[in-house]
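Morning, everyone. Let me put the structure up, and then we'll walk through its side chains.

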Amino acid sequence: MSRTFLVRNPSILVFLALLAVFTIAVTLMSEAFGASLISTSFIKTLGKTLCLCLVALAMDLVWGYCGILSLGHFAFFGLGGYMIGMWLMYARTELIVAESMSNAAIPPTDQEVVDAIGTQIFGVVGSSDFPPIWAFAHSLPLQLLMVLLVPGLLALVFGWLAFRSRVTGVYLSILTQAMTLALSLYLFQNESGLRGNNGLSGLQNLPGVTASQAVVSVWFLWASALALAIGYVVCAWVVSGKFGSVVRGIRDDEARVRFLGYSVEGYKLFIFTFTAIIAAIAGALYYPQAGIINPGEIAPIASIYLAVWVAIGGRGRLYGAVIGAALVSLISTWFTGGLVPSLPLGFYTVDWVDWWLVLLGLSFVLVTLFAPKGIGGLVDIVTGRLTPNRHGADYGPDKGSLMEEEGRK
């Protein structure tokens, strides 16, 4: 990522500057570090919104640039949340158990402490034994590694099986949705080792941290903003240059790219796995701010919402994905949080909490029909980033190539 890369992509610097200004402004207006103009709950909402923008970037990269409509990327988002949630629950419970046993006449053995922790965590599902998937929950570094490895390996195996069979289009979308549904149904079972329908809760309480939630919420806001900034730069670098051209070529004409000798399956597998890891990182930052994660978060409808956000923002534009996710997330909070007064019509009262999904679906339809480039298309108009007027220049590098005027005929 050299200076030339940034010079050729000034929108990256603009995005980073806007994100920095936003983060500093919110910090100064927070209850923890400034004028208390923004509540702690809204700080958490903004932090979670930045995480949703990051997973939207991943969706835009795999769909908008590579042409793979994945309806399962929110599964990777949820898996990232589960992986970090396991450590949070273990470490917090370990402190509680250690405090309760501190006054015991006979110091407990290590096994007794582990058994007590297991009873505290899994008692809600009638068990006290740690499942094998909790083997690394005691170690933060190992569990952070699991945040990357578990979703990454799942995406790698699934993608390898799907792409080597050359499954494309709507069939691939159905397969990704089936994967998400299967994972969600499995997690609903108590035998999954992740507390079934109860999920993992109390994730907002960081073990050993005595700072208030107001301060912690700002910390997570900073972490989410940093992750989004790094994710945006890395995604922009991936879609630039020759690699990005091949990826867009796969989206536009996969058969032709394969005919030119490129390993289409390899490119698609890399993008699918890479974006799954990005989604997992976003989930690992999101759920400690949400405080709880359960299998309902991985339901297929969540991945469909993700596609809607990217479509509204403008797929094939990284900033479009960020705009779409941020806009829909904040408007959703506004409508579903009861902040919009009901609309009495005499014969019927419109409760916006119930009608929000209808509005979201209608917005998606309208954008698809009348503004296929999404909100990002408006940014292009404002910045003048339209198709250049070539004035009859050659399409190809050689003299005598098809002229633009001829191409229109």
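Is aspartate 252 buried or exposed? Aspartate 252 is exposed, at a relative accessible area of 57%. For the cut-offs, buried is under 20% relative accessible area, exposed is over 50%, and partly exposed is in between, with a 1.4 Å probe and protein chains only.

Ground rules next. This is a predicted model, where local features need pLDDT of at least 70, side-chain atom pairs count only at pLDDT 80 or more, and totals for chains, interfaces and linings use all residues. Residues are numbered from 1 along each chain as its sequence is written, and side-chain values use heavy atoms, with hydrogens and water left out.

Salt bridges. The term means a side-chain nitrogen of Lys or Arg within 4 Å of a carboxyl oxygen of Asp or Glu. How many does a search of the whole structure find? Six. One of them joins the side chains of aspartate 252 and arginine 251, at 3.0 Å from N to O. Arginine 251 is partly exposed, at 31% relative accessibility.

Now move to glutamate 254. Arginine 258 bridges to glutamate 254, with 3.1 Å between the closest N and O atoms. Both residues sit in helix α10 (residues 254-259), four residues apart, about one turn of the helix. A word on naming: helices (H or I, at least four residues) and strands (E, at least two) are DSSP runs, numbered from the N terminus. Arginine 258 is partly exposed, with a relative accessible area of 24%.

Lysine 268 also forms a salt bridge with glutamate 254, and here the closest N and O atoms are 3.2 Å apart. Lysine 268 is in helix α11 and glutamate 254 in helix α10, so this pair ties together parts 14 residues apart in sequence. Lysine 268 counts as buried, at 6% relative accessibility.

Salt bridges link Arg166, Glu254, Arg258, Glu265 and Lys268 in a network. Look at arginine 166 in that group. Its place is the loop between α6 and α7 (169-188). Arginine 166 is exposed, with a relative accessible area of 53%. Its phi is near 55 degrees, a positive value in a residue other than glycine. Most residues other than glycine have a negative phi. Arginine 195 has a positive phi too, about 65 degrees. Arginine 195 sits in the loop between α7 and β1 (200-201), and at 9% relative accessibility it counts as buried.

On to helix α11 (residues 264-290), where we find glutamine 289. At 5% relative accessibility, glutamine 289 is buried. What does its side chain make a polar contact with? The side chain of serine 224, at 3.1 Å. A polar contact is a pair of N or O atoms within 3.5 Å; within protein, one must be able to donate a hydrogen and the other to accept it, and residues adjacent in sequence count only if both atoms are side-chain atoms. Leaving out residues up to four places away in sequence, glutamine 289 touches Lys44, Gly47, Lys48, Cys51, Phe220, Leu221 and Ser224. Contact here means heavy atoms within 4.5 Å.

Aromatics. The structure holds 19 aromatic pairs. Rings of Phe, Tyr and Trp (its six-membered ring) pair if their centres lie within 6.5 Å; planes under 30 degrees apart are stacked, over 60 edge-to-face, and the rest tilted. Take phenylalanine 15 and tyrosine 232: ring centres 3.9 Å apart, planes at 10 degrees, so the pair is stacked. The pair links distant parts of the chain, 217 residues apart: phenylalanine 15 in helix α2 (residues 10-28) and tyrosine 232 in helix α8 (residues 213-238). Phenylalanine 15 is buried at 12% relative accessibility, and tyrosine 232 is buried at 2%.

Compare phenylalanine 33 and tryptophan 222. Their ring centres are 5.6 Å apart and their planes at 35 degrees, so this pair is tilted. Phenylalanine 33 lies in the loop between α2 and α3 (40-65), tryptophan 222 in helix α8, 189 residues apart. Phenylalanine 33 is partly exposed at 40% relative accessibility, and tryptophan 222 is partly exposed at 37%.

One last item on rings. Ring pairs link Phe243, Tyr262, Tyr267, Phe270 and Phe274 into a cluster.
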